[in-house]
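Colleague: I would like to learn how to read a model of this kind, one feature at a time. Could you take me through the general idea each time and then the case at hand?

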Amino acid sequence: MTPDQERQNDAPKTPEVAAEKEPIAESEVGISYLGVTLEKAESTDSQFVPKREQYADFINDKEVALPLQRDVAVAFLSGEPLLVDGGTSLGKTTTVRKMASELGWEVHYANLNGATDVEDLMGRYIPNPHKSKPEDPEYIFADGKVTSGLRQEEGKVKVVILDEFNASAPNILIRLHEVLDALERGSEVVLSEDASEAVQVNKSKTKVIALMNPPGKGYFGREPLDPAQLRRWVYKKLPSELPEGTFSYATDALFGATPESQNITPDMFLAAREQALTPEQLQEIPGMAEVLEKYKEFHRASKELLKSRKVAEDQPQPFTYDDRMEPRRVRDFVLRFYNGDINETFQQALRYYYSNKLETDVDKKKLGELIRLVEYKPKVGESKRKGLEREEKTGAPETKRAATPEAKLEGPVAEQIEAAIEKLGRENVFGPQEVEKTFGVRLAEVPDVPFSIEELERAEKLGQMLVLRVDKTPDGKPMSMEAMNEILVKKWKKEGKGEIFNSADWWKNWIGEEFFSKEHPRLGWALVSKDVLPESLSKNYLEQTEVIIKTLKEKAFKDLELPEEYTEAITEFESKKKKLAELMDSDWQEAAKQLSALKITQLTRQNIPEAVYDVAMYHDKNNERLLADKYTWLSSLDPGGRLVRLGEFGAEGVDGFGWEPGSRDGGLGVSLARRL
Amino acid sequence: MTTQTKTPSLEEFLNVTAGSKEVGLIIAKDASQLDGFTRSLDGMGFKRSDKVADLSKLQKSYFVIDEGAAKDAYDFAVQYPSGQVEIFDKEQMQSQSFSPDYGSLNLVLVVVKDDLNKLQTKGFDLLSAVGPAFQS
């Protein structure tokens, strides 16, 4: 073996992922919870192992139950003590017991509410119940509940559940923290209750999880814990009440109704490496030094947010981002979960150890904005991934990519894209890299971004994204609906992202083969509203167009001069508006035709391939479906002369049909999608 | 016209608790009514458990909560729906763990209202931990 080969073998590799499709996957030796695999115990014959049949009707909803199991699995895998804070109806204890039943792990349960006696947990001397001879001792030491969970037994794994942790007496907490410290060190717990014994403990054999209801909030006797006491724990905040979506899903499931499909997205999965990296290997990861610097900045900024109560303001349980514990945890997470993309792995770690402590989506979003900044930006031509891993992950047609020239990402275009990212956020900018990742098209030249910084600032306020649309596939064929379907069906199947069309055959039959296989997006950049304009709902096509014009004048170009094309388009519309209104009543087909051809329509509304392209790009990058519960009214006409509405982009794909221009619908609006 | 809601009988209540995934709770106004309830339970084939740990040993059983046994009763009620119950005997320093066969069990806790109120204020939120409750 050459030194190069040796280095390659030593280099961090992408972990094997046994089962990414099923949220919970079982093999003979382990169970994978959203990708995090825990090994089953060898010895499961014990009264303390919960019975699996008890959990036959356990509901694995995607908002609470599945992420909780994943996060518990991460803690169990790493041997970190986990403290879960959440409302009583969330099924915290049941979830842990259900996992233990699947894994054949013992559960040792102690409810700390009302417990005042440390000896109950750690052990005490009792009269010897087996004394039969004079030489037998009068008293023997008997383990408490926690001690029995700490003792190692061949083939067994034990979970110690400390329920109602924040209802505990202070002396008990102090003793338990000594236990946690010993577990962390892998040393011994000295039973001061029995002066003679030290119990060797091992965090791979004993898992500790504490559960608590939120202090206050109707839970009598629960006082906030001292934040300093939380530092030993990985703290996870769950909602105080079952989220509405989970409640609805679980209730449907309980009553045997078919619950609405839960879209388990790939980003919910983690993938633990079969073998953790060594700290030395971390330095081999491209970009590690840059990410590390940004992580330090992130940590400081997060602490500041917390200190100034800009996040977690209403959370009754105070906590800290610990200067020593969090970096160590993040490092261990990266060692265990590095997936070939240092940005993704690092950001997952920060979500796990920082965002998980926050209750509200608003707070998580605030922190999420900081988390996104923790990234390594490779220079042009350099990858943040290892070469092989990049090929595996993109799923784009490799031969075509290799045969086409490099995308030009230097000079003004690169700067324009960076500026757009700064204004709109990385998740809202879809440039040549995203085009290549989603559709496998590597552009020989990238057109300039035609929007000024001021326009991008206004676009951000309008909730818009910036999309570079291409009109041809890697083969040079039109980027038609048919072509997009071919590319995305394969790619998304592999990535578990669902469908792009609810039925490609149906679309082809309805819109016509010619249209389906030839019409394509117009090449160039567009600013596209991610949702329909709220004021455009329940309006007919003409009224929607008025909303578009108002939005252009008052928002998109606020305090800016309208470009000449728009001035002309608006003048044209104003001059035809009255006649179009009459026409909608007398001859809707002619009205639809004229409305479709208006300059303002062509400048600000998507045609069908463009709308498909835009939602596909966003979903591919962000695992989020735009227009999930609404329709946008497009510029395209269907074969019957109706103006096409497109939306309801669920896991089964995007829906569309024709709509007469004079009709209104509460779920139909328009997404402002301008190309100039 | 007035609308009256029929108060279910104890027997009807026990039909509800049979097979339930949560423990039932009977709340007596006073000690005298508690005696009446326990006699009725005895008459309907329920056996009184002296220790919470014994509750699961019989298919139909009840446990009268007093202050000394409050924590055990609370621990039992809290764990019962989770598929496994671990009861710790402080005297023997031994844990017993069992998985309830919900379909065949009918377990009820009985408490005097004043005692219940005291327990609630101590943080033993029995009313949240139990399933169906009965008082007349």
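**Reading the two chains**

Modeller: Of the 676 residues of chain A, 44% count as buried, where a residue is buried if 20 or more other C-beta atoms, placed from the backbone, lie within 10 Å of its own, exposed if 12 or fewer, and partly exposed in between. This is a predicted model, in which local features need pLDDT of at least 70 and side-chain atom pairs count only at pLDDT 80 or more, while totals for chains, interfaces and linings use all residues. Residues are numbered from 1 along each chain as its sequence is written, and chains are lettered from A and ligands numbered from 1 in the order in which they are written.

Colleague: How many helices and strands does chain A have, and what is the pattern of chain B along the sequence?

Modeller: Helices (H or I, at least four residues) and strands (E, at least two) are DSSP runs, numbered from the N terminus. Chain A has 26 helices and 20 strands, whereas chain B has 5 helices and 7 strands, which follow the pattern α-β-α-β-β-α-β-β-β-α-α-β. Of the 136 residues of chain B, 42% count as buried.

Colleague: How should I read contacts along the sequence, and what share in chain A joins residues at least 24 apart?

Modeller: Two residues are in contact if their C-beta atoms, placed from the backbone, lie within 7 Å. Among the contacts in chain A between residues at least 6 apart in sequence, 76% join residues at least 24 apart; in chain B, residues 24 or more positions apart account for 67% of the contacts with a separation of 6 or more.

Colleague: Which elements of chain B give two or more residues to the side that touches chain A?

Modeller: The size of an interface is often given as the accessible area lost when the parts come together. Here the description is by residues, with 23 from chain B and 27 from chain A in the contact. On the side of chain B, the elements that give two or more residues are helix 3 (70-79), strand 4 (85-89) and strand 5 (94-98), and helix 3 of chain B provides the largest share, 5 residues. That side has 6 nonpolar, 11 polar and 6 charged residues, with Ala, Val, Leu, Ile, Met, Phe, Trp, Tyr, Cys and Pro counted as nonpolar, Asp, Glu, Lys and Arg as charged, and the others, Gly among them, as polar.

Colleague: At what angle do helix 2 and helix 3 of chain A cross?

Modeller: Axes are lines fitted to C-alpha atoms, for helices over the stretch in contact, and angles run from 0 to 180 degrees between N-to-C directions. The axes of helix 2 (residues 65-78) and helix 3 (residues 92-103) of chain A come within 10 Å and cross at roughly 60°. In this contact Ala65(A), Leu68(A), Gln69(A) and Val72(A) of helix 2 meet Thr95(A), Val96(A) and Met99(A) of helix 3, and by class these are 5 nonpolar, 2 polar and no charged residues.

Colleague: Is helix 12 of chain A mostly covered or uncovered, and what does it pack against?

Modeller: Helix 12 of chain A is mostly covered, as 10 of its 12 residues are buried, among them Ile342(A), Phe346(A), Leu350(A) and Tyr353(A). The buried residues of helix 12 pack against helix 2, strand 12 (234-237), helix 10 (288-307), helix 11 (325-337) and helix 13 (361-373) of chain A.
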